[in-house]
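Subject: Handover of a predicted model

Hello,

Here is the structure I am passing on to you. Please open it first, then read my notes below.

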Amino acid sequence: MQEVLERKSIKNIDFNCDLAQAYGVYRNNNEFELLDYVSSVNVSCGFHAGDPLTIKEALLKAKEKNVSIGAHIGFNDIQGFGYRPVELKEDEIESIVVYQVGALMSFAKAYGLSIEHVRPHGAMYKIAGEDFTFSCAIAKAIKKCSEWLVYYAPVGDITAKVADYTGIQVAQELCLEKTYNPDLTVDYSKEDNTDNYGLIKRFQHLIHTSQIRNNLSGMSFADVDTIHFSNKYKNSLELIKQARGVITPTPVNYNNAKVSGWVD
């Protein structure tokens, strides 16, 4: 018998996308298209993508659009665009996280900006959603950079447990195009869904019930704080425009401030 899940509407949610996903002559010419519709951006820090000029351009564009800025961290894998897993000890994970976040924090400070969150990329993101110890190592490294930073991590029990264990603020992230297992880990054996009609229906159902259909045709409760919109698909711009018609996004830190009573 299928479990009956409580219906819970989502009143506040963040939309995020990646920036500076380039290196040298290799550029993503479409990445700024989503900037008018997101509430936060993740700027690559130079390990999987992003060179100094690209990072500067991304930061200034984000400043122009007045969106929340985060560090997009990954494995040191320019050639593989950060999609190849790398085995690292905890102190090595700490070092590459602190190095990347620290670099972007200093870069942002030079232009009167501040970094508010950190999001893993590619293989690092995948492992963070499946391995509690690995995700904790990322979280603890982020916290060393600043206790005010929010860890944008894959939705699910692992991220919730990481928040409890490390005391860091987390934002549970969902990607509409991904197929999810019942426990909300991503089923990476399935290709990404790029059918906008189905994706918007999924998004509307998520907003109204906090549930998504999983790969066993059941419903999984998803306590989502942020939606990641990829900029690598032809449908990406139209998808986020339609999502913006459903709900107006707000940055995670702003939502946290509202809950705390700091803002109305």
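Start at one pair of residues: Leu 19 has Val 43 in strand S2 as its bridge partner. A few ground rules come next.

This is a predicted model, where local features need pLDDT of at least 70, side-chain atom pairs count only at pLDDT 80 or more, and totals for chains, interfaces and linings use all residues. Residues are numbered from 1 along each chain as its sequence is written, and side-chain values use heavy atoms, with hydrogens and water left out.

Helices (H or I, at least four residues) and strands (E, at least two) are DSSP runs, numbered from the N terminus. Two strands pair if DSSP finds at least two bridges between them.

**The barrel**

Seven strands close into a barrel. Their order is S1-S2-S3-S4-S5-S6-S9, with parallel pairing. On average, neighbouring strands of this sheet are turned by 35° against each other, direction ignored. Axes here are lines fitted to C-alpha atoms, for helices over the stretch in contact, and angles run from 0 to 180 degrees between N-to-C directions.

**Strand S1**

S1 covers residues 14–19 and pairs with S2 in the parallel sense over four bridges. Besides the pair above, Cys 17 has Val 41 of S2 as its bridge partner. S1 also runs parallel to S9 (residues 226–228), joined by three bridges. There, Asp 14 stands opposite Thr 226.

Is S1 covered or open? It is mostly covered, with six of its six residues buried. Buried means under 20% relative accessible area, exposed over 50%, and partly exposed in between (1.4 Å probe, protein chains only). Asp 14, Asn 16 and Asp 18 lie on one side, Phe 15, Cys 17 and Leu 19 on the other. S9 also pairs with S6 (residues 169–174), in parallel over two bridges. Glu 173 has Thr 226 of S9 as its bridge partner.

**Strand S2**

S2 spans residues 40–44, and five of its five residues are buried. Ser 40, Asn 42 and Ser 44 point one way. Val 41 and Val 43 point the other way. Five bridges join S2 to S3 (residues 68–73), and the two run parallel. Ser 44 has His 72 of S3 as its bridge partner.

S2, helix H1 (residues 52–65) and S3 make a right-handed β-α-β unit. A crossover is right-handed if, with the strands pointing away from the viewer, the path from the first strand over the helix to the second runs clockwise.

**Helices H1 and H2**

The axes of H1 and H2 (residues 90–109) come within 10 Å and cross at roughly 60°. That makes H1 oblique to H2. Angles under 35 degrees count as roughly parallel, over 145 as roughly antiparallel, 65 to 115 as roughly perpendicular and the rest as oblique. The crossing is right-handed. A crossing is left-handed if the near helix is turned anticlockwise from the far one by less than a right angle, and right-handed if clockwise.

Pro 52, Ile 55, Lys 56 and Leu 59 of H1 make the contact with Leu 104, Phe 107 and Ala 108 of H2. Contact means heavy atoms within 4.5 Å.

**His 121**

His 121 sits in the loop between S4 (117–120) and helix H3 (122–128). His 121 is buried, with a relative accessible area of 4%. Not counting residues up to four places away in sequence, His 121 touches Gln 21, His 48, His 72, Ile 73, Gly 74, Phe 81, Gly 82 and Tyr 83. Gly 82 is 39 residues from His 121 in sequence, and the two are 6.9 Å apart in space, C-alpha to C-alpha.

Best wishes
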